[in-house]
Amino acid sequence: MKANSLKRYHGLSAVMMLVFSLAIHGDQGVSAQQPLLDALNNLKQGSMPEREKAITQLSGIKHARSLGILQALLDGRLFTLKSDARLVTGTDNHQGYDISDAVSGASLGAVEREAVNKVNLTNKLRVSLRKIIGQLELSADDPAIRLAAVKAMGNEDDENALALLKARAGIEKDETVKQAIKVVFLMRDMNSSDKTVRMEAIDALKEHNSLDVVNRLNAMVEKDESGNYLETDADIRNVAKAALIKINTRLQFYSTIETVFFGLSLGAVLVLAAIGLAITFGVMGVINMAHGELMMLGAYTTYVIQQLMPNYLGVSVLLAIPAAFVISALVGVAIERGIIRFLYGRPLETLLATFGVSLILQQSVRSIFSPLNRSVATPEWMSGSWQINDFLSLTWNRFYILVFCLLVFVLLLQILKHTRLGLEVRAVAQNRNMAKAMGIPTAKVDAMTFGLGSGIAGVAGVALSQITNVGPNLGQAYIVDSFMVVVFGGVGNLLGTLVAGFSLGIANKFLEPFAGAVLAKILVLVFIILFIQKRPRGLFPQKGRAADS
Amino acid sequence: MFNIILRKSGANKLLATIAMAVMVFAASVQAEDTIKVGVLHSLSGTMAISETTLKDTMLMLIDEQNKKGGLLGKKLEAVVVDPASNWPLFAEKARELLTKDKVAAIFGCWTSVSRKSVLPVLEELNGLLFYPVQYEGEESSKNVFYTGAAPNQQAIPAVDYLMNDLKVKRWVLAGTDYVYPRTTNKILEAYLKAKGVPKKDIMINYTPFGHSDWQSIVADIKKFGSAGKKTAVVSTINGDANIPFYKELGNQGISAEKIPVIAFSVGEEELSGMDTKPLVGHLAAWNYFMSVDTTKNAAFIKQWHDFIKNPKRVTNDPMEAHYIGFNMWVKAVEKAGTTDPEAVQKALIGIEFPNLTGGTSKMLPNHHISKPVLIGEIQDDGQFMTVWQTNKLIDGDAWSDFLPESKPIIADWTAPISCGNFNTKTKKCSGQTYK
């Protein structure tokens, strides 16, 4: 961080002179000490107008530290010490903050989180701060930050900003950033008084994927209230129309990809939730109403592990996967041994008993963790999105969950196909009595199978904790969907569950834009009801003798 | 299916036995010389998340009043029942409170549907209900006192703030699909159109309860907001659906600076169960924030922490509403000298009590109260920083002036009108009741 900011300062001295007429030379800093202290005093005041004044003051002060302070303020690293109300900048060291004096920059060592108060900001202040600091980010090391800076600056009709962009265009190496700068200048060319320049600009812009361009072109071909075109020149309008058609085709293409991705990721969540059920319900034939609560236990496991190791968010989520599997599996085995094994062959009783278990689990979570939702943090690498271009970006958390879902599925398939447990499970599912006669301990296999299904539910809970609430009602929200997927896919068929989950997800997402979220869900349900009428055994019905039992 | 199973197993007999046992139990806890106060909040089921806190608040307030010597020389006694987030059960439990326990007043309900379910019982038995949650308006019952915000005390000022201070030109009205968001959005849409916002600049979206897959909707909002005009989302999204919504906003790169979301259902309590990172900078409109710096509020927070024995618990808007409502009821009972509902109803109108944000709230003839409106930005510690507030208290308006059908209707429970839905044009009281 230090080296980074130093580099930044070096490259920026020219920028600063230009933008704020700020000089960052130490010798001048001394003379500006008093105004700086005044400004910082204003900053410490609680009221937002005072703070706003302080920021304007700070941006005008020729002091080596003023810019660093503004940057820290924007990053949320500026604090006041509770003990002596001194302004300090801090960096998070997992236990607390390493702080240093805001004015002198001298290190003050590490303090606990409780020892400092953060200097708060409102959106308005954040925007004006970003404007002041924004130009600096044009030379940041991360191309993504540079790209954002270019976009922010492109929207403003500010000669200084444009001059900076022009300078940047000469030395920029990253292709996306380069293109973005080009778009900014082409957009400006569209306002040119020279008709050929305008036409050329529009023509060149049709190759770029930028929402700003789309809006701009749309505005050109629109009519005002009295029915006249906003753009008076018919030639330009025609070029703009042609460009729009070209861009819109691409927009359509990317938006279809986006919808498919949305559908797949919704499907992945459905598959994760259903796949454990596909084993307990599909393979064993047990209607387990407590399945959702086993997922809930997995989510709470994630919460507990995060509480145990608050400084290692990323690791804690990964660690939660095996932990959740073990805990949910143990609870599952307990349910099977304690209740379900007495009720085999009596589906209605099993249904009621497991429903009771689900209520007991919910209420015990309420008693242990309180009825309030618990906050599970998302690690850095699962936040944000993968920006492919202006039209298409895929969110990381959904992406990882999709990958995770496929991994779990493949792993489960391997377990069932290639391990002794898998062999025994399949044998018992096909013909219990025969399996027994062959010396397979069916009672033990039942417990293990139920444990496996429950454990997978727990693993699904870890994934769910990253996208939804962790609370006592988590399970209820998914139980109906899970049964729907299993029944639709064909009871007793894991591949069916996978296909059913993904196809329901995609169908839902394609319906949503037209029908709205509420109606889309209803339509999917109606479709499944009709489908089940036609094919009662689902997409992939079991064949052979096992199917008859 | 469940019905069949129950009938088959002869569960009716079992239910009857349980009911009898409950009756016997209820009768045995009758005690003399106390004034009973009913607390009707769900302690289990989906709404337990919000309502449990209000039950504790009521116990704290009643405890406090008893320390001050009770009311009319008698001790107060809380009768807590659990309607289990089950709307018909709310009506049953209210009946039980009024007929078996003979409570002087009921403090309770959260969702509008639970209030609507209790209304007929209240009107039949002439009970008193203090309802502490912001709601959609379009109602004023003789037996209910609405201490939460009406739409003109939350939604309208919030939109004004966005329009005037943030210069918002395009509007997304996003809500959960039930009565409160639908009515509020209807009012807001009419209001925005009256302010000259064209139809194409308003996007309305409804989602089911507990909606967790916000990908397409957030992508739509992003597209809607990228048209070059300042866009904001007015969210009446309920409870559990909020976390996935804000997470998706954050992940798709929509920050509060680009498209701010102003929420009417996200308070300190909800924030305490959320990862606040993606929410920082988004807004909420309420009549009370825990962060409000007044001596009364500081004392209230301290009292709450002492009572609940957990210094990390937060306070929120509906808690303040119960605080005001309970104290108004106490004052009214003292004024009337009796807990008789008829007398207390009359006495309540005009009662004033200082709220926690520095003003003095007053019970109005339409059974709503006057409150300040505060708009706050969410901070990463789960608290709000007030960025705007009304300079005086706003009177709650039961019937919105922005809906053509309810514009001429007023509620006034004082003579000579004495009606919850008086039409000022036809000079008639529709006499609508909820029996």
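What percentage of the 435 residues of chain B count as buried? The share is 61%, where buried means under 20% relative accessible area, exposed over 50% and partly exposed in between, with a 1.4 Å probe and protein chains only.

1. Basis. This is a predicted model, in which local features need pLDDT of at least 70 and side-chain atom pairs count only at pLDDT 80 or more, while totals for chains, interfaces and linings use all residues. Residues are numbered from 1 along each chain as its sequence is written, chains are lettered from A and ligands numbered from 1 in the order in which they are written, and side-chain values use heavy atoms, with hydrogens and water left out.

2. Chain B overall. Chain B has 13 helices and 19 strands; helices (H or I, at least four residues) and strands (E, at least two) are DSSP runs numbered from the N terminus. Of its contacts with a separation of 6 or more, 66% come from residues 24 or more positions apart, a contact being heavy atoms within 4.5 Å.

3. Sheet in chain A. Five strands of chain A form an open sheet in the order S4-S3-S2-S1-S5, with antiparallel pairing; two strands pair if DSSP finds at least two bridges between them. At the edges are strand S4 (107-112) and strand S5 (116-118) of chain A, each pairing on one side only. From one strand to the next the twist averages 40°, with axes as lines fitted to C-alpha atoms (for helices over the stretch in contact) and angles running from 0 to 180 degrees between N-to-C directions. Within this chain, strand S2 (residues 87-92) and strand S3 (residues 96-101) of chain A run antiparallel and are joined by five bridges. Thr91(A) stands opposite Asp98(A) in S3(A).

4. Strand S10 of chain B. Strand S10 (residues 283-286) of chain B has Leu283(B) and Ala285(B) pointing one way and Ala284(B) and Trp286(B) the other way, all of them buried. In a regular strand the side chains alternate between the two faces of the sheet. Strand S9 (residues 261-263) of chain B runs parallel to S10(B), with two bridges between them, and Ala263(B) has Ala284(B) as its bridge partner in S10(B). Four bridges pair S10(B) with strand S14 (residues 374-378) of chain B in the antiparallel sense; here Ala285(B) has Ile375(B) as its bridge partner in S14(B).

5. Salt bridges between chains. The count over all chains is 24 salt bridges, each a side-chain nitrogen of Lys or Arg within 4 Å of a carboxyl oxygen of Asp or Glu. One of them is between the side chains of Glu248(B) and Arg398(A), at 3.7 Å from N to O. Glu248(B) is in helix H9 (residues 242-251) of chain B and Arg398(A) in helix H16 (residues 396-418) of chain A, so this pair joins two chains. Glu248(B) and Arg398(A) are both buried. Asp213(B) forms a salt bridge with Lys509(A), with the closest N and O atoms 2.6 Å apart. Because Asp213(B) lies in the loop between strand S7 (202-207) and helix H8 (215-225) of chain B and Lys509(A) in helix H21 (residues 494-534) of chain A, this pair also joins two chains. Asp213(B) is buried at a relative accessible area of 6%, and Lys509(A) is buried at 0%. A network of salt bridges links Arg398(A), Lys509(A), Glu512(A), Asp213(B) and Glu248(B).

6. Salt bridge within chain B. Glu342(B) and Lys142(B) meet through their side chains in a salt bridge (3.3 Å, N to O). The two residues are 200 residues apart and link distant parts of the chain: Glu342(B) is in helix H13 (residues 341-348) of chain B, and Lys142(B) in the loop between strand S4 (129-131) and strand S5 (144-146) of chain B. Glu342(B) is partly exposed at 29% relative accessible area, and Lys142(B) is partly exposed at 26%.

7. Aromatic pairs. Over all chains there are 31 aromatic pairs; rings of Phe, Tyr and Trp (its six-membered ring) pair if their centres lie within 6.5 Å, and planes under 30 degrees apart count as stacked, over 60 as edge-to-face and the rest as tilted. Trp396(A) and Phe399(A) make an edge-to-face pair, 5.7 Å centre to centre with 85° between the planes. Trp396(A) and Phe399(A) are separated by about one helical turn because they are three residues apart in helix H16 of chain A. Trp396(A) is partly exposed at 25% relative accessibility, and Phe399(A) is partly exposed at 26%. One aromatic cluster is formed by Trp381(A), Trp386(A), Trp396(A), Phe399(A) and Tyr400(A).
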